[in-house]
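Please have the structure open as you read.

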Amino acid sequence: EPKWLPIIEKLRLRGNQEASHLYSHQGNYIGTWQRIDIPLFIDAEYCLLLDADTIVHKFFDLSDFGLDITPGIAFSNEMFEEDTRPSNAGVALLNVPKLRQTYNDFKSFIQEHADEEKDFIGGPSDQGAYLDFYKGYNNEDASLVQHLDTTFNVKPYYKLKKNFDERKIV
């Protein structure tokens, strides 16, 4: 059982079930937070985390992320196809050494939000925690959070031909 479980349960119990369906069930909510421990178990420079409801459509490798690969985390967009603001942790490229380096500070950040009953600005749950923390980590600039190209997270309701033709993950 993760040591951070009581902190996360505290967040869930005060969460707005209308803002996110995840708050209504402990198992679903806790499941999204398990990515916290990736740096404890993965020995690689990068990890691509995919939600269970994703499908890898086309072969790709690390070079497909480009030379400007994230020094922290990269999330794709969710609702609006041409939105380049990182917002969806369901397909996330994670710089594992950076997550390892910031692991304790990140857990303290989450603890502080639970203790002070503060919401995350970047969204509910772990998604908001990651966005808020890495955008402001140690007063660094927001370059620790980058947009993951839309072709890595194409939604069935997207309409741009380019995204469908080049889609890697749906």
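The second largest pocket of this predicted model has 13 lining residues, and nearest its centre lie Gly-15, Tyr-23, Asp-119, Phe-120 and Pro-124. A pocket here is an open set of points on a 1 Å grid over the protein atoms alone, where a 1.4 Å probe fits, with protein on both sides within 12 Å along at least five of seven lines; lining residues have an atom within 4 Å of a point.

**Second largest pocket**
- Its volume, the space filled by probe spheres set on the points, is about 170 Å³.
- The lining has six nonpolar, four polar and three charged residues, with Gly counted as polar and Tyr, Phe and Pro as nonpolar.

**Largest pocket**
- The largest pocket has a volume of about 540 Å³.
- Leu-22, Asp-51, Asn-88, Gly-90 and Gln-127 are the closest to its centre among 27 lining residues.
- At least two lining residues come from each of α2 (26-33), β3 (88-95) and α6 (125-136); β3 gives the largest share, four residues.
- Helices (H or I, at least four residues) and strands (E, at least two) are DSSP runs numbered from the N terminus.

**Asp-132**
- Asp-132 sits in helix α6 and is buried (under 20% relative accessible area, 1.4 Å probe, protein chains only).
- Asp-132 has no salt bridge, and Lys-135, the nearest side chain of opposite charge, is 6.5 Å away; a salt bridge needs a side-chain nitrogen of Lys or Arg within 4 Å of a carboxyl oxygen of Asp or Glu.
- The Asp-132 side chain reaches the backbone nitrogen of Ile-121 at 2.5 Å.

**Notes**
- Residues are numbered from 1 along each chain as its sequence is written, and side-chain values use heavy atoms, leaving out hydrogens and water.
- Local features need pLDDT of at least 70 and side-chain atom pairs count only at pLDDT 80 or more, while totals for chains, interfaces and linings use all residues.

Notes
Buried means under 20% relative accessible area, exposed over 50%, partly exposed in between (1.4 Å probe, protein chains only). Lys and Arg count as positive and Asp and Glu as negative; His and the chain ends are not counted. A polar contact is a pair of N or O atoms within 3.5 Å; within protein, one must be able to donate a hydrogen and the other to accept it, and residues adjacent in sequence count only if both atoms are side-chain atoms.
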